[in-house]
Amino acid sequence: MGDSKDLTDGDAANKIKKLADYIGTCMFCTYDVNKLQSRPMSAQEIDDEGNLWFLSDKNSHKNKQIQQNSEVELFFASGHDKFLSLHGNASINYDRNKIEELWNPIIKVWMTGGVDDPNLSIIKVTPKEGYYWNNKNGKMVAFAKMTASLLTGITMDDGIEGNLSL
């Protein structure tokens, strides 16, 4: 079994930033009346406090759901070695300076009006808690330990996991 290490405050924010930056895309989940609604989204920024910033169409279902219930879930996964789940609150704003700061030309695929599109909004997710799991020593060491475990029958889990509290 791997190691467990719960993280709080600045350490939790650093872990969120490290994993979310590396993975990039998450399943962004909002609450509808009866069920969780999920869609893939890429965080445009993860700040030093662990807040995640997304660009979205102000008329989207997710924005409407956030206006009804600000609680959201974000699920990040990369291969077999990096996972992050976050629970927090989302807020919507329309700060043009921040939109320009977050803008990336690939977003034009979804927001065809470009950075000046009047329907662009910002979703800021402020995590309250979460959970992470990743390898301590990278893929090559993890692979070597898995191979050794298969050959010897001795568990050599290279994982580290823990709760995140902000």
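Read from the N terminus, the elements of the protein chain follow the order β-β-α-β-β-β-β-α-β-β-α-β-α-β, which amounts to four helices and ten strands. Helices (H or I, at least four residues) and strands (E, at least two) are DSSP runs, numbered from the N terminus. This is a predicted model, in which local features need pLDDT of at least 70 and side-chain atom pairs count only at pLDDT 80 or more, while totals for chains, interfaces and linings use all residues. Residues are numbered from 1 along each chain as its sequence is written, and side-chain values use heavy atoms, with hydrogens and water left out.

**The chain as a whole**

- Of the 166 residues of the protein chain, 41% count as buried, where buried means under 20% relative accessible area, exposed means over 50%, and partly exposed lies in between (1.4 Å probe, protein chains only).
- The accessible surface of the protein chain comes to about 9400 Å², and 52% of this surface belongs to carbon and sulfur atoms; such areas come from the Shrake-Rupley method with a 1.4 Å probe, and for residues only the protein chains shown count as cover.
- Among the contacts in the protein chain with a separation of 6 or more, 69% are made by residues 24 or more positions apart, a contact being heavy atoms within 4.5 Å.

**Paired strands**

- Two strands pair if DSSP finds at least two bridges between them, and strand E3 (residues 25-31) is joined to E7 in the antiparallel sense by five bridges, with Met27 having Phe75 in E7 as its bridge partner.
- Strand E7 (residues 71-78) also runs antiparallel to strand E8 (residues 82-93), to which eight bridges join it; along this pairing Phe75 stands opposite Ser85 in E8, and Ser78 stands opposite Lys82 in E8.
- E7 and E8 form a hairpin with three residues between them, and Gly79 in the turn has a positive phi of about 55°.
- E8 pairs in turn with strand E9 (residues 120-135), again antiparallel, over twelve bridges, and one of the residues involved is Leu84, whose bridge partner in E9 is Tyr132.

**A nonpolar patch on the surface**

- Met27, Leu36 and Phe75 form a nonpolar patch on the surface, with about 240 Å² of accessible area together.
- Patches are made of residues with over 30% relative accessible area and no salt bridge, where like charges are joined within 9 Å and nonpolar side chains (Val, Leu, Ile, Met, Phe, Trp, Tyr) within 5 Å.
- Leu36 belongs to strand E4 (residues 36-42), and Leu36 is partly exposed, with a relative accessible area of 37%.

**Salt bridges**

- Side chains of opposite charge can pair when their charged atoms come close.
- A salt bridge is a side-chain nitrogen of Lys or Arg within 4 Å of a carboxyl oxygen of Asp or Glu, and by this rule the count comes to four salt bridges.
- In helix H1 (residues 9-23), Lys17 and Asp21 lie four residues apart, about one turn of the helix, and they form a salt bridge whose closest N and O atoms are 3.5 Å apart; Lys17 is partly exposed at 26% relative accessibility, and Asp21 is partly exposed at 45%.
- The side chains of Glu45 and Lys98 meet in a salt bridge of 3.0 Å, N to O. Glu45 lies in strand E5 (residues 45-46) and Lys98 in helix H3 (residues 96-102), so the pair ties together parts that are 53 residues apart in sequence.
- Lys98 counts as buried at 13% relative accessibility, and Glu45, Lys98 and Glu101 are linked in a network of salt bridges.
- Asp81 and Lys82 have side chains that meet in a salt bridge of 3.9 Å, N to O; Asp81 is buried at 4% relative accessibility, and Lys82 is buried with a relative accessible area of 16%.

**A buried charge without a salt bridge**

- Asp117, which lies in the loop between H3 and E9, is buried yet has no salt bridge, and the nearest side chain of opposite charge, Arg96, is 7.1 Å away; here Lys and Arg count as positive and Asp and Glu as negative, while His and the chain ends are not counted.
- Leaving aside its neighbours within four places in sequence, Asp117 is in contact with Arg96, Met111 and Thr112.
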